Amino acid sequence: SSQGTIKDKFNGEIIGIEPGAGIMKATEKAIEEYNLDYTLKDGSSAAMVAALKSAIESKKWIVVTGWTPHWMFARWDLKYLEDPKGVYGGEEHIATIARKGLQKDAPAAYQMLDAFYWQPSDMEAVMLDINANKMDPDEAAQKWIRENEDKVKKWIPEGVPKGNLKKIKLGYVEWDSEIASTHVVKHVLLKMGYDVELKAVDAGVMWTGIGAGQFDAIVAAWLPYTHGDYYDQVKDKVENLGPNLEGAKIGLVVPKYVTINSIEELNN
Ligand code: PBE
């Protein structure tokens, strides 16, 4: 029989992350649009990477929900499966979103958040220190700041008052990419003399939280696609400070030794 050869090699599974992530919704859509006879397993970003690592160690086939920037591409030889139907939306950016009123309450912090902009390679360096080099996120962020003084200097406004708000609350999700960015922003704000509180939550809570003004800002908005639905629900209540990183992407990722190249081949 010609049935299931490829699918069996993948055990009929796509290894996902936690349910609220945009990439999970996109993958459910991909399963529908490509008519995939696969189960999307949910779990966590850490469990997904652990599954990928152990599959690679035994050269087994595995397909995971992946994204760029991510340290996994520096660590292993991986590739995106082609997405001819464009279900995963192509290239996008990560935006900074502030609550309304932050500019008045903490003008210097607001300006720093507005100026925050870096390259995928910057984010990857922090991610690699945390995940491959087992560094604490705070330590990795401080190291990056030390090594990139020129970039950081451009984000810190001069002669702008700190304002009445002394503590800045940042919401984020514990995705590797967002752990990196949020900790870097935390340490820049600390350098500026603010107190900073980080709150790790689910994607849904991050978005309702910024909409309700429970967070002062998030630097984890994947737009226009991955978090498009979440953003549409709060966009009138928040201030979009624009991209802090360009060249982001989501999709299905496999080790390079996997011999298929397109999502369409998953059912073969
Ligand atoms: N991610 C990382 C997130 C955005 C950042 C791709 C896992 C998501 O899917 O919502």
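Helix H3 (45–57) and helix H10 (176–191) each contribute at least two residues to the lining of the largest pocket, and H3 gives the largest share, three residues. Helices (H or I, at least four residues) and strands (E, at least two) are DSSP runs, numbered from the N terminus. A pocket here is an open set of points on a 1 Å grid over the protein atoms alone, where a 1.4 Å probe fits and protein lies on both sides within 12 Å along at least five of seven lines, while lining residues have an atom within 4 Å of a point.

This is a predicted model, in which local features need pLDDT of at least 70 and side-chain atom pairs count only at pLDDT 80 or more, whereas totals for chains, interfaces and linings use all residues. Residues are numbered from 1 along each chain as its sequence is written, and side-chain values use heavy atoms, with hydrogens and water left out.

Because domain 1 (5–90 + 250–267) and domain 2 (92–248) both give residues to its lining, the largest pocket lies between them; the domain bounds come from an automatic or database domain assignment. Ser 45, Ala 46, Glu 174, Asp 176 and Ile 179 lie nearest the centre of this pocket.

In the second largest pocket, strand E1 (13–15) and H3 each supply at least two lining residues, with H3 again giving the largest share, three residues. Nearest the centre of the second largest pocket lie Asn 11, Ala 55, Lys 60, Trp 61 and Ile 62.

| Pocket | Volume | Lining |
|---|---|---|
| Largest pocket | about 220 Å³ | 14 residues |
| Second largest pocket | about 160 Å³ | 13 residues |

Each volume is the space filled by probe spheres set on the grid points, which are joined across faces, edges and corners.
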